[in-house]
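Good morning, and thank you for coming.

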Amino acid sequence: MKKTYKIEVDCANCAMKMEEAARKTAGVKDAAVNFMTLKMSVEFEEGASPKEVMPIVLKNCKKVEDDCEIYF
């Protein structure tokens with residue numbers, strides 16, 4: 001399953017860090033951040049619940065970029 005989320009991030013480098021953090025999260029198969037549109041696309045592993053995984057993605061993203069935000 002693939003979903004797109006609105007994000008708040010200040011720079012392209014920060015967006016890249018968020019993308020890397022999201023990809024390393026359990027339950028995430030792949031993630032891509034588009035800084036220009038301020039959107040994050042997340043592809044979830046089979047059987048993973050987006051409602052359970054996304055709070056962990058946000059927590060991991062905040063570890064690398066503490067002022068970022070993901071709206072889900």
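The four strands form an open sheet in the order β2-β3-β1-β4, paired antiparallel; strands are DSSP runs of E with at least two residues, and helices are runs of H or I with at least four, numbered from the N terminus. Two strands count as paired if DSSP finds at least two bridges between them. At the edges lie β2 (28-34) and β4 (69-71), each pairing on one side only. From one strand to the next, the twist averages 30°. This is a predicted model: local features need pLDDT of at least 70, side-chain atom pairs count only at pLDDT 80 or more, and totals for chains, interfaces and linings use all residues. Residues are numbered from 1 along each chain as its sequence is written, and side-chain values use heavy atoms, with hydrogens and water left out.

Six bridges join β2 to β3 (residues 39-44) in the antiparallel sense. Valine 33 has methionine 40 in β3 as its bridge partner. Helix α1 packs on this sheet, touching β1 (2-8), β2, β3 and β4, where contact means heavy atoms within 4.5 Å.

How do the helices α1 and α2 cross? The axes of α1 (residues 12-23) and α2 (residues 50-64) come within 8 Å and cross at roughly 135°; axes are lines fitted to C-alpha atoms, for helices over the stretch in contact, with angles from 0 to 180 degrees between N-to-C directions. Lys17, Met18, Ala21 and Ala22 of α1 meet Val57, Asn60, Cys61 and Val64 of α2.
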